[in-house]
Amino acid sequence: MFFERVEGGDRAVLVHIDFPESDDREDPQEFEELVVSAGGEPAAFIGGSRSTPHPKYFVGPGKLDEIKAAVASTGADVVLFNHSLSPSQERNVERAVECRVLDRTGLILDIFAQRARTHEGKLQVELAQLQYQSTRLVRGWTHLERQKGGIGLRGPGETQLETDRRLLQARISSIHRRLEKVEKQRNQGRRARSRSDTPTVSLVGYTNAGKSTLFNALTRSEVYAADQLFATLDPTLRRLSIPDMGDIVLADTVGFIRHLPHKLVQAFKATLQETAEADLLLHVIDSADEDRVENIEQVEAVLEEIGSLDIPRLEIFNKIDLLDDFEPAIERDDQGMPVRVWVSAQRGDGLALIQAAIAERLGDDIIAQQLALAPSESALRAALYQQNAVLGEAYDDAGNALLDVRIQKKDLKQLVKHNGLDLERFGLAEPKAFFEH
């Protein structure tokens, strides 16, 4: 990494200021969960209320003294703010309390740096870190007046800060180029799936809603899942066979959070593209969370920012095992279309209902009828068995195979064409257009 995490302990003083007039109020409980997820140990919690942030310290002078006293009494190594601070506010507070200071964005970046596993994920985290640090470079240098010197290098030269900024910009440009290559590779994969008519279904939702647990339950995978914020950072794709429909690609993506920093959304553009170009979104919701309504609104805000708000969504209300007397069920709209499924991914309850709902939401016309196949059409018979589309089989006196099949129309059409048979014979030919001149 170009910027390593600052060395220091994990004991932290947490600062949360309530702004009653603001629409962007943060959640102190979620803030504490973020700190614990980052590996921090909350040593003290400083709360307060203001009408507007203090321009120099974000908090007032009295609250600043309170923070300083808490740092001294607890031996804390870092002060964490549940807000976005300007670089100057960070420096001023740091100077006053004589302790490392980090705001909400920096804290989330630290968690992302710990969670990134793939090469692409690490690049995206580094890009977000560099963009975040670019306005905070001055913190590390108290000798900005020092110029490069030496024989042949005397004169105005370049300050150390200017050198750092130039190197930083060069690194940012390099990461952008590498991420563009990754994005092209992803686009090739999407085009290949599009050509094969394989729909993509993306899991989205508030962080810690149980997306990865559901993903593992549906795909029998072993993606890292834990009861912590941002357990999943890198996207994971798996092929999943849906009854009455065929194969889909299921994508597990990073969880959303209140006021996800815009820089992070931009940095993770390639990852979130799996969401932006999905055919269906499974919005996983923690049904036992008291703040689920607010969490749903935050997820929709991020979906709007990445241009995915118009993609069809199926709500998955997870963790019903934490509710009293709740059984797996499908809720439908006035047209009878599934809009909500109640499940427990942890216990595996309701997984079949999710698959049935996906098939209804994505499935085209499903053919459920008997096909008569001549002995010369045995290749199509074998292909139908391979697709698990045959429900029963019998033979007539002429030796024809009578197959009771249930399969999507587009899949049958593809099999018939692949075996060189006539579409019209199976009633799959497109209607001809007639024009009067």
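## The contact of α1 with α4

Glu30, Phe31, Leu34, Val35 and Ser37 in α1 meet Arg104, Leu107, Ile108, Ile111, Gln114 and Arg115 in α4, where contact means heavy atoms within 4.5 Å. By class, this contact has six nonpolar, two polar and three charged residues; Ala, Val, Leu, Ile, Met, Phe, Trp, Tyr, Cys and Pro count as nonpolar, Asp, Glu, Lys and Arg as charged, and the others, Gly among them, as polar.

The axes of α1 (residues 28–37) and α4 (residues 104–115) come within 9 Å and cross at roughly 40°, which makes α1 oblique to α4. Axes are lines fitted to C-alpha atoms, for helices over the stretch in contact, with angles from 0 to 180 degrees between N-to-C directions; under 35 degrees counts as roughly parallel, over 145 as roughly antiparallel, 65 to 115 as roughly perpendicular and the rest as oblique. The crossing of α1 past α4 is left-handed, a term used if the near helix is turned anticlockwise from the far one by less than a right angle, with right-handed used if clockwise.

## Basis of the model

This is a predicted model, in which local features need pLDDT of at least 70 and side-chain atom pairs count only at pLDDT 80 or more, whereas totals for chains, interfaces and linings use all residues. Residues are numbered from 1 along each chain as its sequence is written, and side-chain values use heavy atoms, with hydrogens and water left out.

The chain has 13 helices and 14 strands, which are DSSP runs numbered from the N terminus (helices H or I, at least four residues; strands E, at least two). Of its 437 residues, 46% are buried, where buried means under 20% relative accessible area, exposed over 50% and partly exposed in between (1.4 Å probe, protein chains only). Among contacts between residues at least 6 apart in sequence, 67% join residues at least 24 apart.

## Nonpolar cores

The largest nonpolar core has 30 residues, of which Leu80, Leu107 and Leu303 touch the most other members; such a core is a set of buried Ala, Val, Leu, Ile, Met, Phe, Trp, Tyr and Cys residues joined through side-chain atoms within 4.5 Å. The elements that give two or more residues to this core are β1 (11–18), α1, β3 (78–81), α4, α5 (119–133) and α10 (292–305), and the largest share, five residues, comes from α4.

Not counting residues up to four places away in sequence, Leu107 touches Phe31, Leu34, Val35, Ala38, Leu80 and Leu102. Apart from this core lies another, of 25 residues, including Ala209, Leu314, Ile316 and Ile354.

## Two further helix pairs

The axes of α2 (residues 61–74) and α3 (residues 87–97) come within 9 Å and cross at roughly 55°, so α2 is oblique to α3, and the crossing is right-handed. Here Leu64, Ile67, Lys68 and Val71 in α2 meet Val93, Ala96 and Val97 in α3, a contact with six nonpolar, no polar and one charged residues.

For α7 (residues 211–219) and α11 (residues 351–362), the axes come within 10 Å and cross at roughly 85°, which makes α7 roughly perpendicular to α11. Leu214, Ala217 and Leu218 of α7 and Leu351, Ile354 and Gln355 of α11 make the contact, which has five nonpolar, one polar and no charged residues.

## Arg340

Arg340 lies in strand β11 (residues 338–342) and, at 26% relative accessibility, counts as partly exposed. Leaving aside neighbours within four places in sequence, Arg340 is in contact with Leu314, Glu315, Phe317, Ala329, Ile330 and Glu331.
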